[in-house]
Amino acid sequence: MKFKVFLIFAFCLLPFAFAKAQGLPVALPQAAGMSAEKLKLIDVEVEKAIADKKMPGAVVVIGHKGKIVYRKAFGNRALVPTIEKMTLDTIFDAASLTKPIATATSIMILLERGQIRLNDRVEQFIPELKGKDSGRVTIQQLLTHTSGYQPDFDLREKWSQKHGMIQALINEPLRAPAGTRFVYSDIGFIVLGEIVERIACKLDNLTPGCPVLNRAQPQILNGYSQKSLFAALQMKDSQFIGDLVNKVDGNRPKINKERIAPTENIKGQQSYLGGVFDGTNGEKILRGEVHDPTSYRMGGVAGHAGLFSTADDLARYCQMILNGGTLDGVRVLSANTVALMTKPYVVSETGATRGLGWDMNTSFSGNRGELFPLGSFGHTGFTGTGVWIDPVSQTF
């Protein structure tokens with residue numbers, strides 16, 4: 001897929017956050033053992049990328065040894081219809097950062113609570129797939145992108161909402177035997193998101209209505225990750241788009257839509273993955289609506305894309321991972337679960353490795369750079385978001 005020039009790029013190069021609002025301490029680089037002069041080179045690179053029109057703006061946050069050592073907003077978050085300056089509290093469509101941060105973490109919480117095992121088969125949770133090759137795919141294969149699914153659904157086929165996705169999933173064949181090939185797949189994480197929803201639906205005693213197939217905008221995945229993760233970590237601006245701007249969720253106030261970075265127009269968004277725009281408002285800019293076209297069809301709540309967040313919120317998540325599952329005295333995951341999630345799993349004959357939801361050393365690892373060692377991990381998102389975490393140097 002090609003990036004549009006008005007996509008906003010937000011880079012999370014390990015723990016970052018507000019000193020006051022987000023509670024992560026801030027330190028001068030030299031006090032944390034980092035070079036202030038070398039950090040200034042980030043300014044040069046980002047400003048050059050903006051000048052070359054590779055991106056309109058960015059928010060960059062770097063954490064090191066539990067302290068925020070760099071936190072800066074650059075350029076603009078919007079170019080059309082009017083120019084808007086980037087701000088540190090800009091909310092971004094996190095795109096595929098949804099996979100490790102919301103979906104994979106929710107799966108690990110369920111695993112820790114005994115609700116799921118890595119070698120469980122999909123058909124145990126989605127009985128519509130019983131008897132199919134796809135029903136025999138394991139949770140671990142989905143998390144490591146070795147399920148055999150192709151990268152995404154062919155969106156030339158018209159379907160919408162949860163019930164449409166389930167039917168598309170029933171019709172979707174594996175393109176390789178499960179466990180034999182690494183193919184980065186949104187479908188695999190859509191399946192994981194559906195599994196989280198079905199387990200959470202039963203745990204929260206939401207019957208009747210489980211599984212929820214006909215709701216226009218299912219919110220169980222959002223609700224589970226909100227309760228189990230975002231609220232616990234005080235990630236105050238992190239939520240799936242379904243509730244972000246349109247609703248007041250309990251004590252969470254409606255979020256100002258103007259803080260959300262726009263992505264592109266609807267016509268452009270719907271031209272991906274074989275889709276063809278056939279509407280009447282194609283020039284409308286997506287803002288507060290998910291960019292990913294498959295998630296968009298599903299109401300903005302899906303296991304592969306749909307999370308919106310800020311750099312400061314993601315910094316809190318990163319620091320929790322570096323702390324072995326805890327932050328500010330609140331434990332989200334056990335240290336053993338974090339170790340299981342972030343250890344390398346070989347996914348190809350060439351020795352490429354992934355974590356459970358995380359990238360480590362594959363063709364998708366370009367944002368690891370030249371210096372972060374093997375054993376560090378991260379992810380990118382199509383809208384330009386990125387995060388990388390290095391446990392050795394305690395940096396993100």
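Which backbone oxygen does the side chain of His64 reach? That of Ser393, at 3.3 Å. A polar contact here is a pair of N or O atoms within 3.5 Å; within protein, one must be able to donate a hydrogen and the other to accept it, and residues adjacent in sequence count only if both atoms are side-chain atoms.

Some ground rules. This is a predicted model, where local features need pLDDT of at least 70 and side-chain atom pairs count only at pLDDT 80 or more, while totals for chains, interfaces and linings use all residues. Residues are numbered from 1 along each chain as its sequence is written, and side-chain values use heavy atoms, leaving out hydrogens and water.

Back to His64. It sits in strand 2, residues 57–64; strands are DSSP runs of E, at least two residues, and helices are runs of H or I, at least four, numbered from the N terminus. His64 counts as buried because its relative accessibility is 8%. Buried means under 20% relative accessible area, exposed over 50%, partly exposed in between, with a 1.4 Å probe and protein chains only. Among the residues His64 touches are Ala32, Met34 and Val69, contact being heavy atoms within 4.5 Å.

Now the opposite case. Ile83 lies in the loop between strand 3 (67–78) and strand 4 (84–85). Ile83 counts as exposed, because its relative accessibility is 61%.

Last, helix 10. Residues 311–322 make up this helix. 12 of its 12 residues are buried, so helix 10 is largely enclosed by the rest of the structure. Just after helix 10, Gly324 takes a positive phi of about 80 degrees.

Notes
Expected span 1.5 Å × (residues − 1). Lists of a residue's contacts leave out its neighbours within four places in sequence.
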